[in-house]
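User: Can you walk me through this one? I'd like the cores, a helix pair and the sheets.

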Amino acid sequence: MKAKIKYNVIPNLPQQLESLRRLAYNLCFGWKGEIRDLFQRIGPRLWEECGHNPVLMLGLVSQDRLDELSSDQGFQAQLEQVSQDFDRYLSQPRIQAMDYLPDVPFQVAYFSAEFGLTECLPIYSGGMGALAGDHLKSASDLNMPVVGVGLLYQEGYFSQYLSYDGWQMETYLANDFANMPVSLVRNQEGQPLSVSVDFKGQPVQILIWRVNVGRVPLYMLDTNTGVNPPEFRQTTAQLYGGDREMRLRQEIVLGIGGIRALKALGIEPTVIHMNEGHSAFSALERINILRREKGLSFDAAREFVLASTVFTTHTPVQAGNDVFDPELVRAYFEEYAKGMGINFRVLLGYGRLEPRDENEHFSMSTLALRLSSHTNGVSRLHGHVSRNIWQKVWHNHPVEDVPIDHITNGIHVPTWISRDMARLFDRYLGPDWAEDPDNECVWEHVEQIPSTELWRTHERCREYLVSFARRRLAEQLKNRGACATEVQAADEVLTPEALTIGFARRFATYKRATLLFRDADRLERIVNHPEYPVQIIVAGKAHPQDNEGKELIKAIIHLARQERFRRRIVFLEDYNINIAHHMVSGSDLWLNTPRRPLEACGTSGMKALANGSLNLSVLDGWWDEGYHRDFGWALGHGEVYQDHEAQDDIESRDLYHILEKEVVPLFYQQGPDGIPMGWVEKMRSGLRHLAPIFNAHRMVQEYVSRYYLPCSKRFNTLCSDEFAGAKDLAAWRKKLMTSWHEVSIEEVTYSGGLEMPVGQQVDVMARVRLGTLSPEDVTVDAYYGPLDQHGDFAERETVPLEVVDSVDGIYTFRGQIPCQKTGRFGYTVRVTPSHKRLENRFIMGLVTWA
C-alpha cells in the first residue's frame, strides 16, 4: 500500500538552536573538528549510533534534551563561536573567486560517478570516490568556482558482512534521504526541479538534489521518482551494480542528465572535468546543445567542447575501463546521433581504438580521450602506464608523445587527520595551517613539535584504534551468532603498546592482500615475539562479482582464527570512511603491496602519512615519487616481473626481512623516556617533506593552473563573436586533415662532426614540403636525446625550428640543439599541426617524421 500524500517531519528546534540546522546541512562537519565536537556534545552515544550524521541526530534527539541545550549557557557560547567561524569560512575566503580569471566567466563542473565525502552519505566505494570528495573540499577551501555533479544512489555501495566460513556477503541498505545532509532542489513554484533523458525513446525523469560541501555545491541526480517505470527508477539504485545495460543507463544519466541539470540550474561551466570515463557522454550532450541552440556544425561544436574538457583516468589496466556492446549502444544512441548531425557509426568510432573496426566494443574512456584537450593520470608512474595503454589512439606518435600527462593525487589533510593530531598542528603550525596545507613554510614548523608530544599524540591514536577494533570485532561476532565466550574474547585481541600494521583497501587480486601472510610460520615468529610483538589490522571489500578477491578475505579470516594469530590479526568488516579514519590515524606502519605498476596512486598511504604513520610499500603509484629512506621503506626496487608466483615469493621474503631487520628494531629502540627517537624522526621527516606535496590543495591548484585556466580562456575565446573562433578552428582542422598527406620532409642536414664538445650547438636544417599548407599551419621540431643500445631514444627533448627560406613550395627550417651533457645522442625532425592554434597539438594525431 502506497501513501496518497507525502510529507516530511523535521526537527522542532528552539530558536536558540536554529543554527544547528545550517551546520548539519553542510558537510564542513566532515573536516572541521569544532563542528563535530558540538554535535557530539549534544549526545556522545547518540552521535555514534547515528553514524556521525547530524541531520539524523537532530531528528532523534529528544525534545527535552533540545530544550535543555537551549538554556545551557556553555553550549550556547560554543554554538555561537562555531557558527561565527562557519559564517566566516563561507563569507570571508582568503581567495576571491574572481581573482582566478578576472573579467571573463570561469566555472568548473566536476563530474564523478562516486563521491566519498562523509560516512553518513554512503555513495562511494573506494579511493576514487574519496579522491573526488577531497577535490571538492579543497576547491571549497580555495574558493574555487566549482560545482560537482554525481548520482544519488538509493542503496549506495554494498555493506559487507562475513559468513562463519569467512566468505564475503553483501547487503544493500536503503538510504533515507530525508534524514541525510541532502536537499531536493525545487523551482520557483516550490516543485521539485527535474530534467529528462531518453532510454530507447522513452523519457526518464531525473530529480536533482543538492549537497553543500563547504562553499561548493554538489548536485546529485536521482531517477527514483514515481513517474518513471519501475525498471528505470532503479537506474540510480546501486553504485557499480546491475548489468551492462544498467551501467550504460547510469552513465547516460550522469553525462547527459548532468549537463541538462546544470542548464536547468542556470549554471554554464567554462570547463568540464570528467573524473574517469563514466561521464564521457557529457561531451556528446554539449555538442548536441550547441548544434540545437547555437546552430553550430558538429565539427565546430566538437572543437569548442574538446577545448574546454579535462579527463582524468584512474585505471592502470585497459580491462578496467567501461566498454559496451555496439548493439546495446545503438539501442540508446542511434536516434541521438542523428540529432547531433552524424552517422551512428561515426559516434561509435569516437569510442573505439580502431574507429573502423566494426567488432570493437564502445569504450567510455576512449570517447573521453578523443573529446578532451587535456588528459592526465593520477601519478607520475600512472601517467607513463596510461600513455602505453592508449598509444593506439595516437598510433603515429611514439609513447612519450601520447598526450596524457599526470597530476599526482592528494588528500584533503583536515579531513583525514585525527582530532588529536589536528590540535597538535594548531599549536605548532598555527591555527590557520589547514587553510594553507600545501605551503612548505607551514610544514617547516613540524620541526618545533617536541618529540615527546608527537609520539604521545600518536600513541593515543593507536589506543583509540585498538579500542575501536575490539568493539567492532565484538559487534561482528554478535552479528554472526557467536557464543558469549567468543564475543568476550574480543576484548583480549591486540594491545595498545604493540607495533601496529594497517592494511586497508579494495580486495582486488593485484593488490596482493595476502602477501604478508604467505609464510604463516615466519609471520608467527614476527607477531608473537616475546619482547617486540607486532599486530595487524586488515579491512577492505571485494567487488560482489570478484570471487578471487573474496577468496583472499576468506584466507585471512581462516589464518586470523588460528590460536597463534587470534590476538594479533584482526579483520574489520564493512570498510568505510569511519574505519579508514581510525586505521590511518592509529597505525604505526601502513602497508601497501600492489603488483607494480597496477596501483594508479594509492592515497590511503598519504592519509596515514599525514597522521604521522610510516609507509612500507612497493614502489608504485604515489610512493614511487614520495619514497625516501628518511620517510619509510620500499619493497623492491621498482622491478616488474613476468612470473607472478616467483615475484610473490621474492617480495614476501623481502617484506619479512624488512620487518624483522629494520621496522621492528627501529620501533622498539626506545630511550629511557620510552620514545623511539629514530622512528619519531622518520615521522617528522615525512610530515615535513611529503605533507605539503601530497595534499589536495596542491593537486587542485595544479589542475587550475595547468588545465582549468587555459581551458576557460579557450572557452571564452572560441565562443566570442557568435562562436567565430570555433567555426574557424573547425575549418582549419578540416583543411589539415584533408591536406596533411601533402606534407613531407625532403631533407635533413647535419653540419657538425661525429663528436661535439659539451657547450656547443648542433646546427639543424630541414627542407619541408607543405603542399597547400603554409608554415603558419605547422610546427617543425628537432626531436633529440640520448640513445639506448638499440639506437632508440632513451629520453627526448624538442626544439622548434624556424622557417628561413622558401623555394618552389619547399620551406627551409633551421635551429640549434644544445649539447649539455656527454653520451651517445641523436636527432630527427618532425612536423605537427601548429601549437599556436591548438591547446594540444597532438590531439589530432597528425605527424610527419623525417
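This is a predicted model: local features need pLDDT of at least 70, side-chain atom pairs count only at pLDDT 80 or more; totals for chains, interfaces and linings use all residues.

User: Start with the largest nonpolar core. Which residues touch the most other members?

Analyst: Leu 20, Phe 39, Met 144, Phe 281, Phe 333 and Tyr 708 do. The core holds 177 residues.

User: And which helix gives the most to it?

Analyst: Helix α28, residues 696-739. It supplies 17 residues to this core.

User: What is Phe 39 in contact with, leaving aside neighbours within four places in sequence?

Analyst: Leu 20, Leu 23, Ala 24, Trp 47, Pro 54, Met 57 and Leu 58.

User: What's in the second core?

Analyst: That one is separate and has 82 residues. Among them are Ile 411, Ala 542, Leu 591 and Tyr 656.

User: Switching to helices. How do α9 and α12 cross?

Analyst: At roughly 25 degrees, with their axes coming within 10 Å. Helix α9 covers residues 244-264 and helix α12 covers 326-340. Angles under 35 degrees count as roughly parallel, so α9 and α12 are roughly parallel to each other.

User: Which residues make the contact?

Analyst: From α9: Arg 244, Glu 245, Leu 248, Arg 249, Ile 252, Ile 256 and Arg 260. From α12: Leu 328, Val 329, Tyr 332, Phe 333 and Tyr 336.

User: How do the contact residues of α9 with α12 divide?

Analyst: Into 8 nonpolar and 4 charged, with no polar ones.

User: Now the sheets. What's the strand order in the parallel one?

Analyst: β17-β16-β15-β18-β19-β20. It is an open sheet of 6 strands. β17 (569-572) and β20 (632-635) are the edge strands, each pairing on one side only. Neighbouring strands are turned by 20 degrees against each other on average, direction ignored.

User: How many bridges join β16 to β17?

Analyst: 4, with the two strands running parallel. β16 spans residues 534-539. Ile 537 stands opposite Val 570 in β17.

User: And the antiparallel sheet, what's its order?

Analyst: β21-β22-β26-β25, an open sheet of 4 strands. The twist averages 25 degrees from one strand to the next.

User: Why is one side of β21 and of β25 left without a neighbour in the sheet?

Analyst: Because β21 (744-750) and β25 (802-807) stand at the edges, each with a single partner strand.

User: How many bridges pair β25 with β26?

Analyst: 5, in the antiparallel sense. β26 covers residues 810-818. Val 807 has Ile 810 in β26 as its bridge partner.

Notes:
Residues are numbered from 1 along each chain as its sequence is written. Side-chain values use heavy atoms; hydrogens and water are left out. A nonpolar core is a set of buried Ala, Val, Leu, Ile, Met, Phe, Trp, Tyr and Cys residues joined through side-chain atoms within 4.5 Å. Buried means under 20% relative accessible area, exposed over 50%, partly exposed in between (1.4 Å probe, protein chains only). Contact means heavy atoms within 4.5 Å. Two strands pair if DSSP finds at least two bridges between them. Axes are lines fitted to C-alpha atoms, for helices over the stretch in contact, and angles run from 0 to 180 degrees between N-to-C directions. Angles under 35 degrees count as roughly parallel, over 145 as roughly antiparallel, 65 to 115 as roughly perpendicular and the rest as oblique. Ala, Val, Leu, Ile, Met, Phe, Trp, Tyr, Cys and Pro count as nonpolar, Asp, Glu, Lys and Arg as charged, and the others, Gly among them, as polar.
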